[in-house]
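Here is a short briefing for a first look. Start with the view below, then read the points by topic.

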Amino acid sequence: MNDSILRAENVSKRVQTAEKQLTILEGVSLAVPAGQSVAIIGPSGAGKSTLLGLLAGLDSPTDGKIWLAQHEITAMDEERRAAVRAELVGFVFQTFQLLGSLTALENVSLPMELAGESDAQARAINYLEKVGLAARLQHYPKQLSGGEQQRVALARAFACEPKILFADEPTGNLDQATGQKVSDLLFDLNEQSDATLVLVTHEQRLAERCQRVITIDDGRVVADQ
Amino acid sequence: MRMIDLKLLWRDWRGGQLNLVVSALVLAVMVVTAVSLFADRVERGLNQQISSFLAADLALSGGIEISDAYRQQAITAGLDIAETVRFRSMVFAGERNHLAAVKAVDQAYPLRGEMELSATPMAEQVIKLARGPQSGEAWVESRLLNLLDIQLGDTVEVGYAQLKVTHLIVNEPDRGTGFSGTGARLMMSTEDLAASQLIRPGGRYSYRLLMRGDAPAIQAYTDWFEQQKETADVESVPHYRLLTPENAEEQLSEALQRGRAFLLLSGTIGVLLAGLAMALASQRYASRLTDQVALMKAWGQSSAAIRRSQFFRLFIIAAVATTIGIALGWLAHYLLLEVVRGVLDVVLPLPGWRPWLVATITGFVCVLGFALPALWHLPRIEPLRVLRRDLPDTLIGQGRRLVIGIAALLLLAYWYSGSIVVAALFLAALFALFAVCALIAMQILRLVRGFGSWRGSYTRLGLANLWRRRGQTLVQLVGFSTTLMLLLVVTGMRTNLIAEWEAQLPDNTPSHFLFNVATPQVAPVKELLDEHGVSTTDWYPMVRGRLVAINGEAISRERMARSDGLSREVNFTQADTLPEGNAIVQGEWWNDIESKADGNDETNDVPRAEFSIEEEVATEIGIVLGDEVEFSIGGLRFSAKVTSIRSVNWQSMTPNFYVVFYPGLLDKYSPNWITAVRGADSDSQNRGALTQQAPFVQSMVNQFPTAVVLELRDVIERIRDVINRVTQGLELILFAVLACGGLVLFAAIGVSFDERLRENAILRTLGSSRRIIVGALTVEFATLGLIAGLIAACGAEIVLYFVQTNLFDLSPQWHWDLWLLGVVSGVGLITVLGLLRSRPIISTPPLESLRQLA
């Protein structure tokens, strides 16, 4: 277990609504070794995205502990968790989350620029070339198709060379053919980078490309293969 | 401070997200800079004049000749002295004449400073001289050359003296107050005064004894003067004032501060609207930044780093916009100066530090008060938002943002006006005005909403939009209608008021006033006027004097200050019959006398020591029937009893007086006479540059050169000119304020921009034609403009009604031209600006709109 890059122990998440307390996750425990690709699957509302948010340190659980590369992020405040994320984590989102006022190149280089890296632009160009968008560097998101936008998002995530990449429904907004191309690219880049991949999806085919599939339903882990 | 922050800022700017915030800030700073630079330079110019105002260290000033005791005391105290006398007089050259502001100076003048003169018409070379004109010489202001059509070296007549114009006056050390309401200046030597025969008893003169010396001598003289005031046994003390550069400056600076506060408070309306636009635009900017901040936090940026970045970016925005605003304001203040140049007669020095500080602080306070509150929540955005966009924003509530905005405005208004009470009252009045506008607008919107239900589809759609977004509609309406209203008021004052006043003057309103006519001249002048078939009102003798005591008790300064009319030397008259336009409200007019006020003292009766007083000053100063009042005329004192109180029709434009004495009482004070001439001015005469003088005027000025003829038209033209320039200056400021109103419109449309984009995309998708979309938007903005125009015109009409009835005593009139102007400009401006801002909504293809908003 100690060589796990990501570990969750008995994690629960409950929220208080006007009427009652809702349990979204209950007693989730898991450990992910470095370099492994993991798919979290389950029906809508099962708690997949909530679990992803907790594992990535974007949110805090109600109970339980989470370690990201030996850092117990559940014992940290948001500022310290942010520092851990800056060091280790990358993201790919279902809605791409590109900034509309930035070109493809600027979108990719932004996180590196924020981290104060001097070769941000060169690396951004390199990764955009890797995803086949060398000719689209100066295009704005609205000038790109959905598939192209997600490829920019992949370039942005991998250019930062994260230790662990969290992907939330990365093909959820794309048609089947485009989704296929994007997922090919995702796994190729992941293989080249040796990053750990935690992927939330409801697509069986995408999940099957991962080394491990964790199924959750109604806030609990029901299968781990 | 990192490069990345600058990069982010540049990218936001490039993406058009900052246009409105920056434009609003630039406009606000521009308005404030222009106004405060203008006010500061004028103030400095006037103050600088005052510092050398006296051309001496100390001056004794009075309406009567300086008595020898005061002169001797100065010499005894070891002070150098010089003397001047100022008055208005006709100056002639051939067939031309002009009522000039004359200053006669002796050989010792000036004691401090130098005369700046020129011997060439264009004043290419300035000569500095530490003396006044020699006997036989006249130095004149350059405009007198044009007015009299003469050149340097020509001779002019001043009274009976002939003087050669040798120099032009560029500047003089005791130039005056800076407001050139009077005629062109002429300086002559006191040695020529006797020959001119201009100094006559009862005339209006300002005498000055200038003094120069070391501080102890000055102090000794000041102490001596104060002593004279206390002992009060020297009759002439009430007629003299002691002027030091300090007390002269004090009086003026108070008036100037009020002027500056007024201008800056007008600018505050611009700041308020710009602030509103900034707040709305910042809100939209903040919503655009939300995703960016959530992403940055997900990538590991701390809240503190984001806050720092935010402050840095706002600082840069404030600094850049303020710099641009200041630069534009610097240019704009020249426009203001150009507009009022004819009214202000002052050399303008460079501005001090204050306007720059005022402008800079305005820029930064606007950012802190209007932009920052809308962006404050950003660093607190949860990183989880990248996964869950439905998470609520922790925006600062609208109520709190409003309070912060008002606090910022109050702070600025306080700083501009120097008084928290004035600032609070001003803002309260402004917000009350907004509230009234909003209430009326709301009622009209309700009406309009019903109207839309039976009209064509795009009318219905447009009107429905107005009602549905009534919050934004009201914000736009209030901003626009208030500014438009102020503009209409100012335009109305400029274009209509004087004309209306003129039109309502009775037909028998005098065309000319004749004054400075000596008693022996009255009969020949009457004869001359008869020859020309010119009729006049009654003739009134005038002497200048002041009230000194009531019922044996000296009038305190406080009591005196209550009355504008009697706090200074005024003209007294005597009359046997009640003057035209006067009515007795208390007591009785003296009915038991024969005519004796025609200058011919035919009876030997001792005149009764009685007088009649005008009702308003009587109330102000607290005089009632039967009071025994002591007067001082030319240093001589006498008492008289109040036997009647009169109302006076000040609008009649005939000679009117606060105090009228029993006939004969003033005879021994050598009065000069005044009358008003009727019907000497025919409408067919050409006005303006080719002024054709009434025939009697030429005869008058030739035969009686010391008399003064004043044409009413000239006075009205002068007033019109001053009002024109002042209102034009205000209009310039208000146009900038209107531009701020335009930004509010832009910003308010921006708030609903995405919603409009989505709605129109859906309408287009469902088959609506472009014509319907454009039609609906046109109806929406045109209706908005119509309502704004109507409210503005209505408000302006109400303000003008009060100005007409209360200030000008006119019967109220409708101003249809202002209603038309209000409606046309409201509809035109708002429709054009609204459609301009909505262009992307119309032109973006529906699919692209939906994709942008996805």
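This is a predicted model: local features need pLDDT of at least 70, side-chain atom pairs count only at pLDDT 80 or more; totals for chains, interfaces and linings use all residues.

Residues are numbered from 1 along each chain as its sequence is written, chains are lettered from A in the order in which they are written, and side-chain values use heavy atoms, without hydrogens and water.

**Chain B**
- Chain B has 23 helices and 23 strands (DSSP runs: helices are H or I of at least four residues, strands E of at least two, numbered from the N terminus).
- Of its 854 residues, 55% are buried (under 20% relative accessible area, 1.4 Å probe, protein chains only).
- Contacts are heavy atoms within 4.5 Å. Among those in chain B between residues at least 6 apart in sequence, 82% join residues at least 24 apart.

**The interface**
- About 2,600 Å² is buried between them, with 58% from carbon and sulfur atoms (accessible area, 1.4 Å probe, lost on putting two parts together, summed over both).
- B:R11, B:W299 and B:L387 supply 27% of the area that chain B buries against chain A, more than any other three residues.

**Charged pairs**
- Four salt bridges link chain B and chain A (a side-chain nitrogen of Lys or Arg within 4 Å of a carboxyl oxygen of Asp or Glu).
- A:E113 and B:R11 form a salt bridge through their side chains, at 3.3 Å from N to O.

Technical notes. Buried means under 20% relative accessible area, exposed over 50%, partly exposed in between (1.4 Å probe, protein chains only).
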